[in-house]
Amino acid sequence: MRRRDKPASELILVLGGASSGKSEAAMNIAVRGVKRTARRAFVATGQGLDEEMAMKIARHRRTRSSSWKTAEVPLGLVAWMKRHAASYRVILVDCLTMWVSNQYEQEISDSRVLKDAKAILSCIRKSHARAVLVSNELGMGLVPADRVSRRFRELAGALNQLIAAEADQVFLVVSGLPVQIK
């Protein structure tokens with residue numbers, strides 16, 4: 001039996017600050033070297049709950065070609081991955097920080113969020129997909145003044161570290177430029 005040095009899946013984490021260009025960089029990374037006919041899923045976690053966010057979502061939609069199947073999954077990311085990950089060659093999740101924010105709105109515990117993240121990783125590793133996960137790097141700014149914001153930042157940091165440890169590649173996007181750090 002031949003030993004496999006690399007999993008059949010490929011996990012890539014793309015980090016960056018708000019409006020750093022991480023979504024566009026992630027799209028480019030996701031399709032690099034992949035046939036145009038390969039099945040692609042764009043899994044959007046954001047919700048257009050206000051005019052500004054609705055406009056941002058619309059702008060992001062316009063940047064995707066029709067080759068992407070879009071799934072709007074603000075909360076049920078584990079269920080979506082279990083049901084659909086094996087069906088795609090490329091999966092781009094944009095973004096984990098919004099997913100965590102949505103979890104907070106539902107008062108889901110930090111430990112549950114991290115448990116769900118591990119389940120998402122497991123689903124990815126069982127697939128043959130290149131999964132590109134986008135997340136905000138929140139640890140480079142000021143320490144938030146209030147307890148809830150500090151807790152959110154800590155959870156986002158723990159999630160990013162969990163994903164980065166498992167990832168095959170990690171990119172940090174600064175001013176639209178992706179820098180590979182793993």
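A charge is taken to sit over a ring if NZ of Lys or CZ of Arg is within 6 Å of the ring centre and within 35 degrees of the ring normal. In this predicted model, R39 meets that description: its charged end sits over the ring of Y88, 4.5 Å from the centre. A further arginine, R40, lies over the face of W68, at 5.9 Å from the ring centre.

Y88 also takes part in ring pairing. The structure holds three aromatic pairs. In one of them, the ring centres of W80 and Y88 are 5.9 Å apart and the planes meet at 20 degrees. The pair is therefore stacked, since planes under 30 degrees apart count as such. Both partners are buried: W80 has a relative accessible area of 8%, and Y88 has one of 9%.

The pair of Y104 and F152 is edge-to-face, because its planes stand at 85 degrees, with the ring centres 5.3 Å apart. This pair links distant parts of the chain. Y104 belongs to helix α4 and F152 to helix α6, and 48 residues separate them. Y104 counts as buried at 15% relative accessibility. F152 does so at 16%. The cut-off for burial is 20%, so both residues fall under it.

Helix α5 covers residues 110-126. At 1.5 Å a residue, its 17 residues should span 24 Å. The end C-alpha atoms are 25 Å apart, which agrees. The buried residues of α5 are V113, D116, A117, I120, L121, C123, I124 and R125. An α-helix has 3.6 residues a turn, so residues three or four places apart point the same way.

L77 lies in helix α3. L77 counts as buried because its relative accessibility is 0%. Not counting residues up to four places away in sequence, L77 touches V43, V93, L96, W99 and I120. The C-alpha atom of L77 is separated by 21 Å from that of V31, a residue 46 places away along the chain.

Methods
Residues are numbered from 1 along each chain as its sequence is written. This is a predicted model: local features need pLDDT of at least 70, side-chain atom pairs count only at pLDDT 80 or more; totals for chains, interfaces and linings use all residues. Side-chain values use heavy atoms; hydrogens and water are left out. Helices (H or I, at least four residues) and strands (E, at least two) are DSSP runs, numbered from the N terminus. The expected span of a helix is 1.5 Å times one less than its number of residues. Buried means under 20% relative accessible area, exposed over 50%, partly exposed in between (1.4 Å probe, protein chains only). Contact means heavy atoms within 4.5 Å. Rings of Phe, Tyr and Trp (its six-membered ring) pair if their centres lie within 6.5 Å; planes under 30 degrees apart count as stacked, over 60 as edge-to-face and the rest as tilted.
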